[in-house]
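Please look through the notes below alongside the structure.

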Amino acid sequence: MKNIGNIYRISGPVVVAQNLNAKMYDVVLVGNKKLIGEVIQIIGDKTIIQVYEETTGLCPGEPVENTNEPLSVELGPGLLKSIYDGIQRPLQGLEKKSGNFIERGISVNSLERDKKWNFVPALKKGDKIKEGDVLGSVQETPTILHKIIVPKGKSGIIKNIKKGEFTLNDIICELENGEKLTLMQKWPIRSARPSKEKLPPEIPLITGMRILDSLFPLAKGGTAAIPGPFGAGKTVTQQSLAKYSDAEIVVYIGCGERGNEMTEVLVEFPQLEDPKTKTPLMNRTVLIANTSNMPVAAREASVYTGITIAEYFRDMGYDVSLMADSTSRWAESMREISSRLEEMPGEEGYPTYLGSRLAEFYERAGRVKCLNNEVGSISVIGAVSPPGGDFSEPVTQNTLRIVKVFWALDAKLSSRRHYPSINWLQSYSLYKDTLSNWYEKQISSNWTELINKAMKILQEEEKLQEIVQLVGSDALPEKQQITLEIARLLREFFLQQNAFHKTDAYSSLDKTNAILETILWVEKKALETLELGVCAKDIVFSKSKNKIANAKFEENYKQELINAKNEIEKEFEELIRNLV
Ligand code: ADP
Ligand code: MG
């Protein structure tokens with residue numbers, strides 16, 4: 001068998017080659033056009049290949065050439081601000097070469113080769129280095145220092161190390177053993193980059209979304225899923241997280257969703273400002289776009305491409321967050337390829353290894369001590385789009401078994417225009433207890449108490465609603481009428497948050513805490529007023545409570561909350577005075 005075989009059979013994105021010397025996961029060039037493919041099965045003398053480009057027009061007999069390399073990404077300066085397809089081909093580079101419609105079989109470097117970067121060494125001649133060490137750095141964008149990491153398998157004593165302007169292929173460091181290092185390295189996407197140890201998830205990823213930060217927090221290095229039916233707000237939530245969460249690097253994978261959703265991201269992101277540094281958000285972002293009209297196999301790969309890039313930045317000691325929208329489309333690409341391979345289908349036609357693939361992917365999240373002893377993290381947030389919003393389907397169910405945070409979107413809430421439409425009774429976070437320490441130290445000593453109280457009121461509201469629907473709220477005991485009113489304040493002024501409002505889109509933890517505290521203060525005041533003999537109806541009808549809403553939309557929320565409290569106090573006093 002040789003390095004060049006030929007096509008035996010073609011079935012959509014799957015091509016069978018014969019007479020080809022190949023190993024599993026080798027990258028091969030398929031047909032006269034040299035389409036990029038990857039070996040996914042070997043049966044006897046037949047090699048099964050998934051092809052990352054459209055296969056129409058391929059004919060049996062055309063050549064298949066083995067590159068003998070695994071599917072890898074290029075890692076080095078120039079990753080940030082890039083927009084890639086599922087196998088890390090830069091969309092702009094492709095466009096330059098082939099125009100608006102991407103031609104097949106064109107090869108473009110993932111990272112620009114001509115550009116020079118200013119390398120500042122961190123080590124000197126005679127220093128001993130090993131895989132994972134930081135050799136030096138390049139100021140890649142105004143906000144991100146790109147650390148140059150010693151690639152896998154390289155170690156020894158530095159013979160010389162240079163300083164100055166270099167392209168990615170220039171040699172910046174030579175070792176005594178003759179090894180030469182550059183600013184760039186490659187990594188096979190299907191294997192995780194190593195780290196020393198996993199650290200406990202004790203620091204929250206602050207999202208700026210009140211409901212998430214308070215009731216269902218995600219840890220840095222944690223995993224979360226956002227399942228929801230079409231139009232419930234998965235994409236808006238993912239994009240809010242990309243914009244506002246306190247990760248230093250964002251990897252956003254648009255995976256199999258409609259082209260126009262991704263277009264919004266591609267058009268909008270480059271114009272967005274990082275709220276922390278007031279510089280363009282793209283300075284710390286890598287976008288991967290594989291929309292529904294792009295080849296299905298590349299969609300399968302896009303998730304691995306994204307997480308490998310995330311791991312690389314994690315290894316520099318950064319907190320990275322990775323969004324995948326949507327993992328259901330990713331699972332569908334596995335299903336399509338599996339059916340082409342005529343594998344025995346599992347539930348609903350998905351391959352039997354669906355669960356293990358999902359687990360392997362989420363397993364690459366985590367807060368770790370890197371090989372170089374820096375601490376970095378990858379938080380993974382996957383959108384799930386179950387058909388018809390039915391959470392009992394295989395992708396949602398398998399994801400639920402793996403992730404620690406579940407933000408369940410609810411079509412009933414979105415149809416009532418309650419955004420974000422995250423159902424507070426269905427959602428959960430398994431990080432809540434581990435993170436409460438952090439919140440109590442950093443934000444407020446009674447944080448956990450407030451959160452638990454709010455949750456209890458919301459749960460009680462659900463129970464009371466059933467009674468209200470039968471007999472009306474007047475029939476409820478007075479205290480419970482107050483509970484319903486406080487629950488309304490919580491829903492409207494705390495949980496609801498407009499992702500498109502310039503001030504409300506991001507809520508700092510202090511603001512989140514202050515609004516919650518104010519609403520629970522109203523509860524206390526209302527119950528005291530009730531005690532004194534004022535009837536619940538008058539308390540419920542009092543208008544000034546609604547002033548709390550102003551705090552959401554004003555920069556000076558503290559003053560707004562003070563104003564609201566003063567007015568509420570006055571109104572309640574008035575009710576008491578009217579008693580006598
Ligand atoms: P999905 O990705 O689940 O199909 P989208 O994220 O595209 O749904 O949301 C659909 C629409 O719902 C958005 O275009 C927007 O109008 C509205 N929406 C969702 N979340 C919010 C939010 N947090 N604030 C304001 N509007 C929202
Ligand atoms: Mg969407």
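This is a predicted model: local features need pLDDT of at least 70, side-chain atom pairs count only at pLDDT 80 or more; totals for chains, interfaces and linings use all residues.

1. Largest pocket, location. The volume of the largest pocket is about 680 Å³. Its lining numbers 35 residues, and those nearest the centre are Gly231, Gly233, Lys234, Thr235 and Val236. Two elements, helix 3 (234-244) and helix 4 (259-268), each give two or more residues to this lining. Helix 3 provides the largest share, with seven residues.

2. Largest pocket, composition. By class, the lining of the largest pocket has 14 polar, 13 nonpolar and eight charged residues. Domain 3 (197-430) and domain 4 (447-577) each contribute at least three residues to the lining of the largest pocket.

3. Cavities. There are three cavities of 30 Å³ or more in the structure. The largest cavity has a volume of about 90 Å³. It is lined by 14 residues, with Gly132, Ile149, Arg193, Asp315 and Leu371 closest to its centre.

4. Largest cavity, composition. Seven nonpolar, four charged and three polar residues make up the lining of the largest cavity. Domain 2 (112-183) and domain 3 (197-430) each supply at least three residues to the lining of the largest cavity.

5. Cysteines. How many disulfides does a search of the whole structure find? The count is zero. As for accessibility, Cys173 is buried, at a relative accessible area of 0%, whereas Cys535 is partly exposed, at 34%.

Terms used: Residues are numbered from 1 along each chain as its sequence is written. Chains are lettered from A and ligands numbered from 1 in the order in which they are written. Side-chain values use heavy atoms; hydrogens and water are left out. On a 1 Å grid over the protein atoms alone, a cavity is a set of points where a 1.4 Å probe fits but cannot get out, and a pocket is an open set with protein on both sides within 12 Å along at least five of seven lines; lining residues have an atom within 4 Å of a point. Grid points are joined across faces, edges and corners, and a volume is the space filled by probe spheres set on the points. Ala, Val, Leu, Ile, Met, Phe, Trp, Tyr, Cys and Pro count as nonpolar, Asp, Glu, Lys and Arg as charged, and the others, Gly among them, as polar. Domain bounds come from an automatic or database domain assignment. A disulfide is a pair of cysteine sulfur atoms within 2.5 Å. Buried means under 20% relative accessible area, exposed over 50%, partly exposed in between (1.4 Å probe, protein chains only). Helices (H or I, at least four residues) and strands (E, at least two) are DSSP runs, numbered from the N terminus.
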